[in-house]
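Reader: I would like to go through this structure with you, starting with its charged side chains. Could you set out the criterion first?

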Amino acid sequence: VYGRNAAALSQALRLETPELPVEVNPAKPRRGSFEVTLLRPDGSSVELWTGIKKGPPRKLKFPEPQEVVKELKKHLS
(Lines give C-alpha, C1' and ligand atoms only; values in the text may rest on other atoms or scores of the structure.)
Protein backbone atom coordinates (compact mmCIF):
# COMPACT_ATOMS: atom_id res chain seq x y z
CA VAL A 1 0.00 0.00 0.00
CA TYR A 2 2.72 2.49 0.91
CA GLY A 3 4.30 2.11 -2.52
CA ARG A 4 1.15 2.97 -4.48
CA ASN A 5 0.31 5.97 -2.31
CA ALA A 6 3.88 7.20 -2.27
CA ALA A 7 4.15 6.87 -6.06
CA ALA A 8 0.96 8.87 -6.68
CA LEU A 9 2.00 11.55 -4.24
CA SER A 10 5.56 11.85 -5.52
CA GLN A 11 4.27 12.16 -9.09
CA ALA A 12 1.92 14.99 -8.07
CA LEU A 13 4.74 16.79 -6.26
CA ARG A 14 7.13 16.40 -9.20
CA LEU A 15 4.54 17.75 -11.63
CA GLU A 16 3.78 20.74 -9.44
CA THR A 17 7.35 21.58 -8.41
CA PRO A 18 9.76 20.01 -10.91
CA GLU A 19 12.68 22.01 -9.49
CA LEU A 20 12.47 20.24 -6.13
CA PRO A 21 13.91 16.75 -5.66
CA VAL A 22 11.39 14.23 -4.32
CA GLU A 23 12.69 11.23 -2.42
CA VAL A 24 10.55 8.22 -1.53
CA ASN A 25 11.54 5.72 1.14
CA PRO A 26 13.71 3.09 -0.53
CA ALA A 27 12.59 0.54 2.09
CA LYS A 28 9.23 -0.15 3.65
CA PRO A 29 8.49 2.47 6.36
CA ARG A 30 7.35 1.62 9.85
CA ARG A 31 3.87 0.20 10.20
CA GLY A 32 1.01 2.68 10.59
CA SER A 33 2.87 5.70 9.29
CA PHE A 34 2.60 7.81 6.19
CA GLU A 35 4.44 11.08 6.49
CA VAL A 36 5.61 13.77 4.08
CA THR A 37 8.36 16.13 5.14
CA LEU A 38 9.88 19.13 3.38
CA LEU A 39 13.62 19.32 4.00
CA ARG A 40 14.96 22.83 3.59
CA PRO A 41 18.50 23.70 2.45
CA ASP A 42 19.27 25.19 5.88
CA GLY A 43 18.70 21.78 7.49
CA SER A 44 15.28 22.57 8.96
CA SER A 45 12.22 20.51 8.13
CA VAL A 46 8.47 21.04 7.89
CA GLU A 47 5.97 18.23 8.27
CA LEU A 48 3.52 18.53 5.37
CA TRP A 49 1.44 15.48 6.28
CA THR A 50 1.25 12.84 8.96
CA GLY A 51 -1.33 10.11 9.05
CA ILE A 52 -0.10 8.48 12.24
CA LYS A 53 -3.04 9.56 14.41
CA LYS A 54 -5.66 9.40 11.66
CA GLY A 55 -8.18 6.59 11.15
CA PRO A 56 -9.83 4.23 11.37
CA PRO A 57 -10.65 3.68 8.62
CA ARG A 58 -7.12 3.08 7.45
CA LYS A 59 -7.61 5.05 4.23
CA LEU A 60 -7.62 8.27 6.30
CA LYS A 61 -3.90 7.75 6.96
CA PHE A 62 -3.11 8.53 3.32
CA PRO A 63 -3.56 12.05 1.94
CA GLU A 64 -5.00 13.13 -1.34
CA PRO A 65 -1.99 14.30 -3.37
CA GLN A 66 -3.48 17.77 -3.90
CA GLU A 67 -3.73 18.29 -0.12
CA VAL A 68 0.02 17.83 0.23
CA VAL A 69 0.77 19.96 -2.86
CA LYS A 70 -1.34 22.76 -1.36
CA GLU A 71 0.53 22.52 1.95
CA LEU A 72 3.88 22.48 0.12
CA LYS A 73 2.98 25.66 -1.76
CA LYS A 74 2.22 27.41 1.53
CA HIS A 75 5.72 26.67 2.78
CA LEU A 76 7.47 27.61 -0.45
CA SER A 77 5.90 31.07 -0.67
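Author: A salt bridge here is a side-chain nitrogen of Lys or Arg within 4 Å of a carboxyl oxygen of Asp or Glu. Please note that the model is a predicted one.

Reader: How many salt bridges are found in the whole structure?

Author: The search of the whole structure finds 2 salt bridges. In one of them, the side chains of Lys74 and Glu71 meet at 3.1 Å, N to O.

Reader: How are Lys74 and Glu71 separated in helix α2?

Author: They are 3 residues apart in that helix, so about one helical turn separates Lys74 from Glu71.

Reader: And is Lys74 buried or exposed?

Author: Lys74 counts as exposed, because its relative accessibility is 54% and the cut-off for exposed is over 50%.

Reader: Which residue meets Lys73 in a salt bridge?

Author: That residue is Glu16; the two side chains meet at 2.8 Å, N to O. Glu16 belongs to helix α1 and Lys73 to helix α2 (residues 65-76), so this pair ties together parts that are 57 residues apart in sequence.

Reader: What is the relative accessibility of Glu16?

Author: The value for Glu16 is 36%, which means that Glu16 counts as partly exposed. Lys73 is partly exposed as well, with a relative accessible area of 40%.

Reader: Buried or exposed, in the case of Thr17?

Author: Thr17 counts as buried, because its relative accessibility is 6% and buried means under 20%.

Reader: What does the side chain of Thr17 reach?

Author: It reaches the backbone oxygen of Leu13, at 2.8 Å. Setting aside neighbours within four places in sequence, Thr17 is also in contact with Leu72 and Leu76.

Reader: Now the strands, please. In which sense do β1 and β2 pair?

Author: β1 and strand β2 (residues 45-50) pair in the antiparallel sense, over 5 bridges.

Reader: What is the bridge partner of Val36 in β2?

Author: The partner of Val36 is Trp49.

Reader: And how many residues lie between the strands of that hairpin?

Author: The hairpin of β1 and β2 has 5 residues between the strands. In this hairpin, Gly43 takes a positive phi near 95 degrees.

Terms used. Residues numbered from 1 in each chain as written. Predicted model: local features only at pLDDT ≥ 70, side-chain atom pairs only at ≥ 80, totals over all residues. Heavy atoms only, no water. Buried < 20%, exposed > 50% of the residue type's maximum accessible area, 1.4 Å probe, protein only. Polar contact = N/O pair within 3.5 Å; in protein donor to acceptor, adjacent residues only side chain to side chain. Contact = heavy atoms within 4.5 Å. Helix = DSSP H or I, 4+ residues; strand = E, 2+ residues; numbered from the N terminus. Pairing = 2+ DSSP bridges.
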